[in-house]
Amino acid sequence: MKLRLESFGELRLIDPAGRPAAFPEKGLLAICYLRDRDLRDGAGSEYPRSALARFLWDSHDNSDIMANLRKTISRIQKRQTELGAELLAFTATGVRVRSDAFSGDLFELADPEGDDALGRLRRLVAILRQDFLAGLADQSATTRQWIAGQRDRHMAVLVDALKTALPTARSREDVSLIKEAALRIFREAPDDENIRRILLEAYESEGQLEKARRLFETSRHQLESAVDIGLDVQALGEVRKIFAGSRPPQSAAVPLIDGGVRVPGPLPRLVLLPPSGTDAMGALPMLSEALIEDVTIGLCALNTVSVVAPHTAARIAHNADKAQLILRHSISYVLDTRLTNRAGSPALFVQLIYAGSDEVIWAERFSLEKYELISHRRDIARQIAKELAGQVRRHETMRDAFEGNSAAYHSYLLGLRDIKRLALPDVRRSRKAFREALQHSAHFAPALSGLSRTFLVEWLLTARGDSELLGLAEDYANRAIVADPSFAAGFRELGVAKLYLGELDESVVALKLAEELSPHYADGIASYADTLVHASRPADALAKIERAISLNPLSPTDYLWTAAGANFALGHYAEALEQISIMDDRTPADRLSAACWAMLGDMKNARIYMRKVREIYPDFDVDKWLSVVPFKEQWQKEQYREALRRAGF
C-alpha cells in the first residue's frame, strides 16, 4: 500500500498503516505544486530548482532562497530514506515529482474516468468539503496566489459536475447530493443566481422560508453549517428548469429549438448630465464638463449599456422638465452631477439614479482642486466609468430577475409611487399594487419588501399598536430576503419591523447589513437613522440622516421626520420644527410638532397641533402609544411623555 498525500484541509502525509507520517511541510507543498505542473506540462517534467525556491519563499535574494532550498532538500532526502520512498527526485539543477510513489486526493480530483455523472459529483463533493491547503501555515505571496487560483479551478470543476449530474438525479439520495454540492458552491459564490435559486426552491418546497432567511444571513464562508435542509424530488424539477433556462448575455441572439432566434432586448440607456450647482468661476465648470465627456467616451466602449450623447445630455440637463424628457427617450439610468463648494474646497458630486423608481444606486464626491483636476482628470474619469459600469451591471442583473414580466413591474412602480405619500388611502392603494405584482411574479423581492413597508407605514399612521400589522411586515420582509438575499430593501424592512417589535439590537444588525449591501441606498440609511433614534443614539442618527439627505437631496417626508425626531431627542426643538416645516405633508408629524412647541413654551401652537391630531385620531392615548413605540432608554419616553402632556394630550 502506498503513502497517501492529503491536501484538502490539513496538508499531511499518511503512511500505509493509516497514521500521519512526518515530512517537511515545504516538501509536501512542493509535491502539490509540481503535481499541478505535471498536469499542465506533462507527467515527469523536471522543474528548475531556482523557480521552485522563488515559489516557496517569494524573495528577490537569490543566494538566500537557494540556501533555504538546499537545507529543505537535505531534510526531504533524509526523511525519504527513512520512509523508503522517493516522492521528490532531485538533480543538480532541477526537481520532479514521483507520482507513482504515492496516492492522494489530488489524483482523485483530477481523474475523470470510471464514474457516471452522479458518481463523479459524489467524489468531488467528498474531496471539496474542505478548502485546498486550508491548514497551511507558512505561505509566501506567490503561494497564496497559486492556492487561490487552484480553489477557483476546483469550484469551476464542481459547478460543471453539478450541471452535468442534475438531469440524471432521481432518488432522494441523489437529490441530497445535489443539495450538498449546491451548498458547497454557495459558500464560495453566494451571489450565483442559479445556486441561490436551488436553495430557495429547496426551502420553499418544505415551507421553511425562515430557515432560508437564516441561511442567507449567515456568513458567506460558513453557509453549509447554518441549518440542516433536504431537497425534495418535486423541487428538483424546478431546479432543472433554472439551469435549462439560464439567461444568456444580452449581446448575442439565442438559437431556439425551432431554428429561429430570440432577439436580445434593448440595452439600458444611461445619460450623464453635465454639472450644475455653484456659481464657480474660471475654468472649473469647463473642466468638470470635460471630465463628464471623458466618462461618456469611456462608457461608449461597453456593450452592456447604451450611452446618450453629450449634446442630448446637455439639452436634458437644461430643460425645465427633465423627468419628461428622460421618460420620452426611454432612459433607464441618470448620472446627476453637481459642483459643490464646502469651506472653499470645490468638488464634483455624482449620483447614479435608476429612473424607474428615483432610487439612488451610487453616489460619490470627487475633489476638484485645480491641481488635482488638471493632472488627474483622466484617472477620475476612468474611476467613475468603471464604477458606473459595475453598478449598472449589478442593477440590471437584479432587474432581469423580474422585468421579464412587464405586468409585475408595472404594478410595482405604481405601488412605489403611492407608498411615498404618507397617508392611509395612498398606503392601501400601494399595497393593492404590490399584491398585483406578486400575482404575476410570486418571488419578486422588490414587491415583497414594498408590501412589508405598507404594513409598517400603516402601523405608524394609525398609532394603535396593532401587532398583526408588524407581524405581516416582518413576514414579507423575510420573504423578500429569501427571494433575493442581495437586495438591501428586504433587510431594511426587516430592520424597521424589528424596531417596532421592540427588538432594537436585531433592528440595528439588519439595517447595518442593508447599508453594507448597498452603501448608497439612501432609503436604507434613512431607516438606519430612525432605528438609531429609537436606540437612544440620536447624535449617531442625525449623522446618518444627514448622509441619507446628501444622497437624496430632494428628500421624501420620512427623511425629514427622522431628522426632526433626532433633533427632538437632542433637545434641538427649533431645529426639529424647521425640518418639519419643509415636509411636503406635515400632517404625519403633527404629534411631534405639538411636542416641540410645548417644550419651547409656545402653548398656543402646541394646542393647535394637539387639536389637529385629535381630529384624525380622537382616541389617541399618550401612555398607550408610548407603550408600543420602542425606546431603548427610559429618558426618551419620559421626554416625549412630558412634551405631549404639556401640549394638552
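Tutor: Let us begin with one pair of residues. K498 forms a salt bridge with E474, the closest N and O atoms being 2.8 Å apart. Please keep in mind that this is a predicted model, in which local features need pLDDT of at least 70 and side-chain atom pairs count only at pLDDT 80 or more, while totals for chains, interfaces and linings use all residues. Residues are numbered from 1 along each chain as its sequence is written, and side-chain values use heavy atoms, with hydrogens and water left out.

Student: What makes the contact of K498 with E474 a salt bridge?

Tutor: The term requires a side-chain nitrogen of Lys or Arg within 4 Å of a carboxyl oxygen of Asp or Glu. The closest N and O atoms of K498 and E474 are 2.8 Å apart, so the pair meets the rule.

Student: Which parts of the chain does this pair tie together?

Tutor: K498 belongs to helix α19 (residues 488-500) and E474 to helix α18 (residues 467-483), so the pair ties together parts that are 24 residues apart in sequence. Helices here are DSSP runs (H or I, at least four residues), numbered from the N terminus. Both K498 and E474 are buried, a word that stands for under 20% relative accessible area, with exposed meaning over 50% and partly exposed lying in between (1.4 Å probe, protein chains only).

Student: How many salt bridges does the rule give, and which other pair links distant parts of the chain?

Tutor: The count comes to 26 salt bridges. Among them is the one between the side chains of R428 and E458, at 2.8 Å from N to O. This pair links distant parts of the chain, with R428 in helix α16 (residues 424-440) and E458 in helix α17 (residues 445-462), 30 residues apart.

Student: Why is E458 called buried and R428 partly exposed?

Tutor: E458 has a relative accessibility of 7% and therefore counts as buried. R428 has a relative accessible area of 43% and is therefore partly exposed.

Student: What makes the contact of E6 and R4 a salt bridge?

Tutor: Their side chains meet at 3.7 Å, N to O, which is within the limit of the rule. R4, E6, R12 and E108 are linked in a network of salt bridges. R4 is partly exposed, at a relative accessible area of 25%.

Student: Why are α23 and α24 called roughly antiparallel?

Tutor: Two packed helices are described by the angle between their axes and the distance between the axes. Helix α23 (residues 557-569) and helix α24 (residues 573-581) pack at an angle of about 170 degrees, and their axes are 8 Å apart. Axes are lines fitted to C-alpha atoms, for helices over the stretch in contact, and angles run from 0 to 180 degrees between N-to-C directions. Angles under 35 degrees count as roughly parallel, over 145 as roughly antiparallel, 65 to 115 as roughly perpendicular and the rest as oblique. The two helices α23 and α24 are therefore roughly antiparallel to each other.

Student: Which residues meet where α23 packs with α24?

Tutor: With contact meaning heavy atoms within 4.5 Å, L560, A563, A564, N567 and F568 in α23 meet Y573, E575, A576, Q579 and I580 in α24.

Student: How do you know that α6 has close to its expected span?

Tutor: The expected span of a helix is 1.5 Å times one less than its number of residues. Helix α6 (residues 141-165) has 25 residues and reaches 36 Å from its first C-alpha to its last, close to the 36 Å expected. Its buried residues include W146, I147 and L158.

Student: What makes α1 mostly covered?

Tutor: In helix α1 (residues 25-41), twelve of the 17 residues are buried, including L28, C32 and Y33. G42 follows α1 and has a positive phi, near 110 degrees.

Student: Why is S507 called buried, and which residues does S507 touch?

Tutor: S507, in helix α20 (residues 504-517), has a relative accessibility of 0% and therefore counts as buried. Leaving aside residues up to four places away in sequence, S507 touches G495, V496, K498, L499 and T531.
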